[in-house]
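Me: I'm new to this structure and would like a close look at a single part of it. Could you pick one spot, start there, and then show me what surrounds the story?

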Amino acid sequence: MDHRPGQWGAQAEPRRTDMDPRSAVVATKTAIQTLGGGFMISREAKALCDRHGLDGRQMYFRGRCGVLGEVDADVVLSAVVFFPAEHVRESWEGGRKLPAAEAAELYASACHDWGRRKLAGFSGAGRLAELLGAIVDAADVRGAPLFAGWRAMPRPADDPARAAHLLQVVRELRGGKHAIAVLASGLEPLDAIIIGAGDFGKSTGADVARFLNWPEPYPEPTPEKVERRAKAEELTDDLVAQAYETLTPAELDELAGLLDEAMRTASAR
């Protein structure tokens, strides 16, 4: 899902030593989501807002979705999926004082600066970036427009910044594939949000819905919808695992270990 708050205290999935692509996806998705989106609620992102006179969501949509170009807000909605249409349009249009391409470049720079701060001293940053880069380069862009846009952006030269950048790109890969899975399951985005509250590190679905600016009242999930949401999560894992097939079992295990270490490093800074 989109724009998840930080989950530094979230428990990672159990690790295996005989990693296959799908088990690696399951084992690493919490770290990918947490580290990949960490910069979005960081001091670096806030400084951008202050410097350019945008509120947090205006900068978020213009920066994250600026890779789509100067498009209508419905195009942005088609990519972000899990926000209410009115909020997307209001935020996207409200931030137009910052051109889309410039906003994307600035947002990426905030991601890179966040990585330099949070992953400083992490000796595995270069290797993590190498493994993530292989996944990114092997992935199918179809159905993941934000992933495609972020993949096309320049990658910074220094290891912490490049690792942070590629964590965000892989995060966008999962976000795009998850949107496909949820919509294919027949769920409305709000239903998926309410049911998947744990994905956001929030206690209730209502907390998540409010965070994403959905208007109340919120639907009560039925057992049938809960089952659909679980199947959508499994389908997401299957779709993302296709890109992980480019790594060997040893590399998949190495990736999981590096992400564990990156989480510990980032949480301490």
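Reply: Let's start with Val-81, which is buried, at a relative accessible area of 11%; buried means under 20%, exposed over 50% and partly exposed in between, using a 1.4 Å probe and protein chains only. Val-81 has a positive phi of about 65 degrees, although it is not a glycine. You'll find Val-81 in the loop between helix H4 (73-80) and helix H5 (85-94); helices here are DSSP runs of H or I with at least four residues, numbered from the N terminus.

A quick word on what you're looking at: this is a predicted model, where local features need pLDDT of at least 70 and side-chain atom pairs count only at pLDDT 80 or more, while totals for chains, interfaces and linings use all residues. Residues are numbered from 1 along each chain as its sequence is written, and side-chain values use heavy atoms, with hydrogens and water left out.

Now for another loop. Asn-213 also isn't a glycine, and its phi is positive, near 70 degrees. Asn-213 is partly exposed, with a relative accessible area of 40%, and sits in the loop between H11 and H12. Pro-217 is in the loop between helix H11 (205-211) and helix H12 (223-244), and the peptide bond leading from Glu-216 to Pro-217 is cis, with omega near 5 degrees.

On to the core. The largest nonpolar core has 86 residues, and Leu-35, Phe-61, Leu-128, Tyr-244 and Leu-255 have the most contacts inside it. Such a core is a set of buried Ala, Val, Leu, Ile, Met, Phe, Trp, Tyr and Cys residues joined through side-chain atoms within 4.5 Å. Helix H9 (residues 159-184) gives the most to this core, 10 residues. Leaving out residues up to four places away in sequence, Leu-128 touches Phe-122, Ala-163, Leu-255, Leu-258, Leu-259 and Ala-262, where contact means heavy atoms within 4.5 Å.

Last, a helix pair. Helix H1 (residues 21-37) and helix H13 (residues 249-267) pack at an angle of about 20 degrees, with axes 10 Å apart; the axes are lines fitted to C-alpha atoms over the stretch in contact, and angles run from 0 to 180 degrees between N-to-C directions. That makes H1 roughly parallel to H13, a label for angles under 35 degrees, with over 145 roughly antiparallel, 65 to 115 roughly perpendicular and the rest oblique. Residues making the contact include Ile-32 and Leu-35 of H1 and Leu-259 and Ala-262 of H13.

Methods. Helices (H or I, at least four residues) and strands (E, at least two) are DSSP runs, numbered from the N terminus.
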